[in-house]
Amino acid sequence: MPILDGTLLGEARVKKGWTQVELSEATKPRVDVSTISRIERGPTRVRAKTLEALSNALEIQRESLCPVAEAERDVMKLRIGSAARNALTLVALRYKIKREHVIEIAPLLFFIAAEQSLRVRQEKITGMVASARALLALYDGIPHLPSYWPVDEGVVSSEEESIKARDLFGKKVLEGAPHLMSERHKDYDEAERNPFVAFLRDGVARVGQSPEAPDSIRWEPYSGPSYEICAEEASSIVGNDIEATRAIVSGDAPLHEMPKGSPEERAEWARERARITLTPDGEGGAVDF
């Protein structure tokens, strides 16, 4: 549980001009006056919902009351590419929220996308089988024509097993129907046409991003995804310079390395970075725009 700094709580309450009773009455869910009094007497471990109720009532960030809580959080040392790192900053800029909050909501959004993609696949395979049965029924009215079942049962079964296993990229389909490998078109690109990428591309197209955004999505099953979004926000940073915008959304110009300056100066820097073949990720925070 986080440790709430009682001194900071008291200062924030006094700044509001409230008594402990008034602060208690402003909290939702209600935090008892006795609890507030106990916290203000010294550092106190509290439940997350208590910290949230107090910070919401005082209209301040949780970190303002609980700086120690931030230090106690597990440090996640995850290395991500410049394109994804730029996208994080651009999404935060677009919707005017903190980058940390985008990261915190990401698991929920991935869960929603993953489950929806599996549901869509099941609906499609169910619809295909239903259509096959309807076609077969039509043959009953044309008795002089030979009837046949127009669906590969092995493929249907493999797809259903893949869905049950939450196999987002459809890798298990080939395990159950290996003949599909030879039957796929020679130009088939798994990174572009696996079922999860197909679902994501359709989703991006539906929300009306730039025409290039859906086609930019790629995801090799055993490596990370790549995509280019929020070109409008990237463009605003570099004064609508097309080449510089492209450098940002592609990750060739890491925003956390971008120097402060005018939009024109930023654009010039981004264009120069795009000309560099190797762009190793650096350390540091994003530039404030």
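**Close-up views of helix packing and nonpolar cores**

**View A. Helix 1 passes helix 4 in a left-handed crossing.** Left-handed means that the near helix is turned anticlockwise from the far one by less than a right angle. The model is predicted: local features need pLDDT of at least 70, side-chain atom pairs pLDDT 80 or more, while totals for chains, interfaces and linings use all residues. Numbering starts from 1 along each chain as its sequence is written, and side-chain values use heavy atoms, without hydrogens or water. Helix 1 (residues 6-16) and helix 4 (residues 48-58) pack at about 30°, axes 10 Å apart. They are therefore roughly parallel (angles under 35 degrees). L9, A12, R13 and K16 of helix 1 meet L54, A57 and L58 of helix 4. Contact means heavy atoms within 4.5 Å.

**View B. Helix 7 and helix 8 (residues 99-139) cross at roughly 105°.** Their axes come within 9 Å. The two helices are therefore roughly perpendicular (65 to 115 degrees). Helix 7 contributes L88, T89, V91 and A92; helix 8 contributes R99, V102 and I103.

**View C. The largest nonpolar core has 19 residues.** A nonpolar core joins buried Ala, Val, Leu, Ile, Met, Phe, Trp, Tyr and Cys residues through side-chain atoms within 4.5 Å; buried means under 20% relative accessible area (1.4 Å probe, protein chains only). L90, V238, I248, M258 and A270 touch the most other members. Helix 7 (82-95), helix 15 (231-237), helix 16 (242-249) and helix 17 (263-274) each give two or more residues.

**View D. A second, separate core has 15 residues.** Its members include L4, L9, I39 and V46.

Conventions. Axes are lines fitted to C-alpha atoms, for helices over the stretch in contact, and angles run from 0 to 180 degrees between N-to-C directions. Helices (H or I, at least four residues) and strands (E, at least two) are DSSP runs, numbered from the N terminus. Angles under 35 degrees count as roughly parallel, over 145 as roughly antiparallel, 65 to 115 as roughly perpendicular and the rest as oblique. Buried means under 20% relative accessible area, exposed over 50%, partly exposed in between (1.4 Å probe, protein chains only).
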